[in-house]
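Subject: Structure for your review

Dear colleague,

Please find below the structure that I am handing over to you. My findings follow it.

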Amino acid sequence: MSEAMPATSAVLREPAGGPETMFRAMAEAAPVMIRVTDEAGRCTWLNRNWLTFTGRTLNDETGDGWLWGVHPDDRSRVAAVSREHFEKRQAFDVEYRLRSAGGEWCWVFDRVAPIVLKDGDFAGFIGSCIDMSERKRAEEALRLLSDAGAYGTASLNPDETPARVARLIVERFADACTVTVLEADSSLRQVASAHRGGGGSPVPEWLSEFEPGEIEDDHAVARVIRSGEAELSTHDQRPDRTDSAESGRPASVAVVPLLARGRTIGAMACIRTDGSTGFDLADLTIAQELGRRAALAMDNGRLYRDEERANAALRLLADAGEQLASSLSRDDTLERLARLVVPRFADWFSIDILDPDGNVRHVAMHHEDPTMVRLATEVRDRYEPVSAPDPEMIKRLREGRPIFMPVVSDEWLADSAQDAEHLVLLRKLEVRSAMVVPLTAHGRTFGTISLARSTPGQEYDEADFAVAQQLGRRTALFVDNARLYTEAQRIETQLLKANEALRLLADVGVQLGSSLEYDEAVASLARLAVPAFSDACWVDILEEDGRVRRAAIQFRPGTDMRAVQSSRFGREPAVGTLRVIQTGEARLFANVTEADIAASTESPDHLAALRAMGVRSAMRLPLKARGRVFGAITFALGDGARRYTTADMALASDIANRGALFIDNARLYTRSQRTESDLRRANEAKDEFLSMMSHELRTPLTVINGGARILRSRGGQLDEKTQASIINDIELESDRLFRMVENLLAMAHIEFTEEVTIEPVLAQRLLDRVVESFRQRRPDRKVVLAVEPGMPALGAEPTYVEQVVRNLLSNADKYSPPGEEVEVRVERSGEQEATIRVRDRGVGVEPEEVERIFERFYRSARTSKLAGGSGVGLALCRRLVTAMSGRMWASPRDDGGLEVAFTLPLYEEAIA
């Protein structure tokens, strides 16, 4: 020590007890690691903190010995920096990794200053080190999490995200990583793995140990998926183990769940092979956050993929519907449908029809490769249908039950083949996944659609099966309509040959088949009979609620019957019509007498109308389809010699029967179209809402979470202004999040609440409280409240009024420039109501948008760029006001800005 201290002693001259003794006491007491060098740069002395940290002796560290404790990757840099500043006699700072007594590499910050004697001579350097590993670790963790978030959002392909994250973790956090997902059938599948060295080195054999077979296995990955709780374990790494086959095995493993939207979708295993750098609880926390981000990215990708698949399915069904509606020529249309489905949804597409005798007849087949079609034709011609050896399949088809084979196994092909050559041909067809759905319409199964895929990895799933069934239903309706059309054409030809009068029946099929719109089909039924078959015709429909409605009425051209149409006769059926609907029995009135007219109605309006029409002969028939009576049709003849006969009754019965079937088809079609449209709109609204809310909720949650983490980890290092700013941000975003959730809850509540409790509300008192609360939250915004003197109590629900005014004030503040005031005015606007107005000088909205801003989830293009929002607030306000028997509207102000106003009734006792 005496040889290392002359320069230092020269600096600390004269004190009692000697400068060397004082320096040593000070250095040993200092809470940092200290080392001293001589003028040549050789380390001559280190304090106890340094030696304790490194676990080495003074003799080990002196000279250049301390450099051997520096990480090999940092050693040359530290030596070069030291030499450079020694030569210049300059102070310097340097960061490097220093090996601790426990064998860990710890980042240290080393500040080195020259020792200059009183006479100006240079005597060496003195350096002080502090351990900065935790700070470095935190910084690296933040960078890693940031990069992981960027990797997770770089692709919406859920199959790419696990591999990206695994590679990132291996590069920055661990020596190996595996990602395992939980499938819908509760099986486990490893979707990604990465290890140090990547593709340039062989995969370690032990990496396969992190792929459990079943969810119930006693395996860390399976346990974490079952429990949703992370696990941290340390593996055996004995120093005496020298077997090269065991080198590089896992030393520390962190297994974390992949949690997304409240459910566990899998697990991620992070492995380190160096026992000196094993995972600790801080690393486990980082791994959990990495898992959450990876899981959210994977789940977002899954949702995006599912949405894309759903959209593709909707487009396919829409295009198929257009093709099927374009023609009633069955074979040509089905051929176009096959070309549409292949290859968008299948590699194979075929249609088979079940004949009345029970045999299955092939009518269409399509594949992109014509040679495959020829091969399939050869198989069909040389052998019985593939399904023939499987009686259960034939039974399912005849019963109208679908068949779903996600994987067509070779065993199934072998069981279906009739001989070895047949099996070879079946294998050449390359069917890997198949679905067979029945063609069922109106309770009758008359064929099947078969779809198959040949590409491995693109097997059908339940969603595809649902699309196939929907496609089958639409095709079945078309085939059935085409059958009906063909049958109508056949009947038309026969009737034309038999009787000129039956030409009308052919017109029935043509006219009614021209539209599947329900009301148009009903009107067409009335129009087709006039004037070819009757002078007047009206159709009455039995509604689902039991009422009978006059749905259509038609008179001979040139007849002025406006008075009859506008009377009760034009709206309601007579007693005779109700009787036919109830009994289902047709009535013929060959010669209508006054007594017949009087007996058929009890209404003076109906009686007068029948007399005005001069009815001389009539027929009234039920409209019956599929075993139920849903209406009646009446044919009437006026002045003239012609009278209805039993032959006309038979023709009328045919017209009624066919008309009833077409009307019922139109009803079913209209209902299915309406249901499909409603479902599509609901899905679109749901997807838009979920996408929007996920974005809107993420922003305040990110600010709150980030601010809380900064205050917790670095709060003591921040000045008061910065802390106050972070706390203010947390409060603002918390308030924003609270309002969003409050609006959504209120919207849900008002949707399911039928009655609202009304009580007297004093506007001045309630609004004073709301405005004051707003001022406390937004002290920089001036709010002017003016309530008309003597304002009586309002009849309202106070919490609803508070929420409406809070939302309107929040909107006015959000879209108004700083310094502009917001006005709240209350005034009587009638004998029984008051109007509350909230005015601002913000950006306003376009005149054509004043109604749209009250639609749920609508956001004006002008305001959406200025501030975030969910588009729920104004829609909720209007619903709340309406529930309180009020009205709400908005109007742009002349000098800029917007006024949103609503009315509330005055409390009845106050009015009295």
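The protein contains 28 helices and 27 strands; helices (H or I, at least four residues) and strands (E, at least two) are DSSP runs, numbered from the N terminus. This is a predicted model, in which local features need pLDDT of at least 70 and side-chain atom pairs count only at pLDDT 80 or more, while totals for chains, interfaces and linings use all residues. Residues are numbered from 1 along each chain as its sequence is written, and side-chain values use heavy atoms, with hydrogens and water left out.

Overall figures

Of the 912 residues, 45% count as buried (under 20% relative accessible area, with exposed meaning over 50% and partly exposed in between; 1.4 Å probe, protein chains only). Among contacts (heavy atoms within 4.5 Å) with a separation of 6 or more, 61% join residues 24 or more positions apart.

Helix packing around α9

Helix α9 (residues 281-325) packs with helix α7 (residues 161-172) at an angle of about 160°, their axes being 9 Å apart. Axes are lines fitted to C-alpha atoms, for helices over the stretch in contact, and angles run from 0 to 180 degrees between N-to-C directions. The two helices α7 and α9 are therefore roughly antiparallel (angles over 145 degrees; under 35 is roughly parallel, 65 to 115 roughly perpendicular and the rest oblique). On the α7 side, Thr161, Pro162, Val165 and Ile169 make the contact, and on the α9 side Leu290, Ala294, Ala297 and Met298.

The axes of α9 and helix α10 (residues 330-341) come within 9 Å and cross at roughly 160°, which makes α9 roughly antiparallel to α10. This contact involves Leu316, Asp319, Ala320, Gln323 and Leu324 of α9 together with Thr333, Arg336, Leu337, Leu340 and Val341 of α10.

Ala364

Ala364 lies in strand β12 (residues 360-366) and is buried, with a relative accessible area of 9%. Neighbours within four places in sequence aside, Ala364 is in contact with Phe349, Ser350 and Ile351. Ala364 and Leu334 are 30 residues apart in sequence, and their C-alpha atoms are 7.3 Å apart in space.
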